[in-house]
Amino acid sequence: MQPLKSSISNPFRGKIRVPGDKSMSHRALLIGALAVGETVIEGLLEGEDVLRTAAALRALGADVERGEDDVWRVQGVGIGGLREPSGVLDMGNSGTAARLLMGVLASHPLTAFLTGDESLCRRPMERVQVPLEQFGARIVAREGGRMPLAITGAGDPMPVAYRLPVASAQVKSAVLLAGLNTPGKTTAIEAQPTRDHTERMLRHFGAEVETVEEAGGELAVSVAGQPELTGRHVQVPADISSAAFPMVAALIVPGSGITLTDVGMNPRRAGLVDTLIEMGADINFHNEREIAGEPVADLHVRAGGLTGVEVPASRAPSMIDEYPILAVAASVACGTTVMHGLAELRVKESDRLAAMARGLSACGVQVEEGKDSLVVHGCGGPAPGGGSIETDLDHRIAMAFLVLGMASEKPVTIDDAEPIETSFPGFVELMNGLGAVIGPSGAAA
Ligand code: S3P
């Protein structure tokens with residue numbers, strides 16, 4: 001446990017690049033391992049979650065190495081070429097690592113045992129178990145499909161057309177990845193568009209992926225099975241979900257002005273930026289371009305008053321990881337912010353809806369927690385602060401409350417900063433370099 005305290009910040013100043021995109025990093029490794037030849041990855045996120053994917057792929061027979069030049073190289077085994085691991089695959093805290101890997105394994109004729117930390121072992125895996133069993137995989141798990149679990153992939157997989165019961169890019173991706181070693185066409189049908197990094201990355205490696213809008217607005221995403229994937233060069237943009245923390249800090253700490261470079265601006269990920277702009281945020285885009293098939297921009301962010309807004313449920317998939325930090329922005333805004341469609345927050349690394357409601361109340365912010373909604377009554381300036389927050393193995397809860405402390409009258413403490421390593425290594429040093437005052441919780445403010 002590493003307790004930390006965040007106190008009223010100096011104005012944020014500077015130009016930074018936050019670490020690489022987590023979603024893209026997992027996918028570059030996984031798809032690189034299934035390609036033929038060498039994949040070279042620049043800007044890979046070296047957070048614990050992604051390192052778990054790398055370790056699992058090594059255990060499955062792929063050669064995954066970090067060079068002294070910080071560039072990662074993967075020697076792929078080709079589709080269907082993974083071998084049975086001798087030990088248990090520990091996916092740590094990462095739902096993405098676990099669910100995407102299960103998709104890959106579902107069409108490999110081998111048996112693998114998967115486990116994770118306490119947080120991952122309480123998360124629902126049934127959502128991938130159900131479609132993967134349709135390919136012919138066998139999965140033995142604890143109640144609700146919970147980990148630890150064993151998966152025996154199908155020797156003779158059958159293509160599947162699966163309608164997603166929840167808006168989840170992880171489930172969509174598990175289905176598409178299982179479809180890679182399956183003859184014929186595999187389709188995932190989604191009612192709400194979720195992040196499409198798997199589709200973009202598969203295309204980048206040479207797979208045929210098609211997205212068709214059906215009557216009623218559903219999206220049918222199909223992959224043609226057994227494609228020739230060839231090793232590629234991948235540049236990973238900065239993670240918008242990590243950029244969100246310095247972005248909101250710079251908006252709520254008076255006098256701030258920062259630049260965030262190379263931020264991935266995939267429209268299916270950028271819902272937070274749209275929402276902040278609706279709240280009156282001063283965010284400007286520069287140097288807009290494409291990297292590895294993904295839109296990227298530099299963002300100039302300046303502090304200024306924010307006003308509460310209503311965030312529709314339809315926007316949830318495009319900012320699903322950003323509600324904790326949006327709730328922090330809403331806490332110092334003028335007026336009320338209402339967020340709808342948050343049921344999925346209850347099954348993230350922690351129950352984030354409950355964690356935000358509890359933590360904000362402890363910091364003197366008035367909130368109302370609904371079954372799948374959150375109402376935050378903004379303080380119209382610094383929040384009272386002073387709360388002690390249990391992070392419950394959740395990196396984003398840890399970072400969100402450290403940001404709240406930067407714009408609160410009294411410091412905010414978190415009981416454990418260690419989970420931050422899963423997605424944002426170097427967070428505290430980077431934030432302190434910009435103006436934050438984060439230190440050990442025993443130290444004076
Ligand atoms: C992710 C998808 C999201 C997100 C997670 C990463 C991905 O989960 O919360 O942090 O990389 O596909 P769901 O798709 O299950 O909502």
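This is a predicted model: local features need pLDDT of at least 70, side-chain atom pairs count only at pLDDT 80 or more; totals for chains, interfaces and linings use all residues.
The domain assignment divides the protein chain into two parts. Domain 1 is made up of two segments, residues 4-19 and 237-440, whereas domain 2 covers residues 22-231. The centres of the two domains, taken over C-alpha atoms, lie 29 Å apart. To the contact between them, domain 1 contributes 29 residues and domain 2 contributes 30 residues. About 2500 Å² is buried between domain 1 and domain 2, and carbon and sulfur atoms account for 47% of this area.

A search of the whole structure for cavities of 30 Å³ or more returned one. The volume of the largest cavity is about 50 Å³. Its lining comprises Asp-21, Met-24, His-197, Pro-237, Ile-240, Gly-264, Met-265, Asn-266, Arg-269, Glu-294 and Pro-295. By residue class, the lining of the largest cavity contains five nonpolar, three polar and three charged residues.

Ser-25 is located in helix H1, which spans residues 22-34. Leaving aside residues up to four places away in sequence, Ser-25 is in contact with Gly-20, Leu-44, Leu-45, Val-50 and Val-236.

Methods. Residues are numbered from 1 along each chain as its sequence is written. Side-chain values use heavy atoms; hydrogens and water are left out. On a 1 Å grid over the protein atoms alone, a cavity is a set of points where a 1.4 Å probe fits but cannot get out, and a pocket is an open set with protein on both sides within 12 Å along at least five of seven lines; lining residues have an atom within 4 Å of a point. Grid points are joined across faces, edges and corners, and a volume is the space filled by probe spheres set on the points. Ala, Val, Leu, Ile, Met, Phe, Trp, Tyr, Cys and Pro count as nonpolar, Asp, Glu, Lys and Arg as charged, and the others, Gly among them, as polar. Helices (H or I, at least four residues) and strands (E, at least two) are DSSP runs, numbered from the N terminus. Contact means heavy atoms within 4.5 Å. Domain bounds come from an automatic or database domain assignment. Buried area is the accessible area (1.4 Å probe) that two parts lose on being put together, summed over both.
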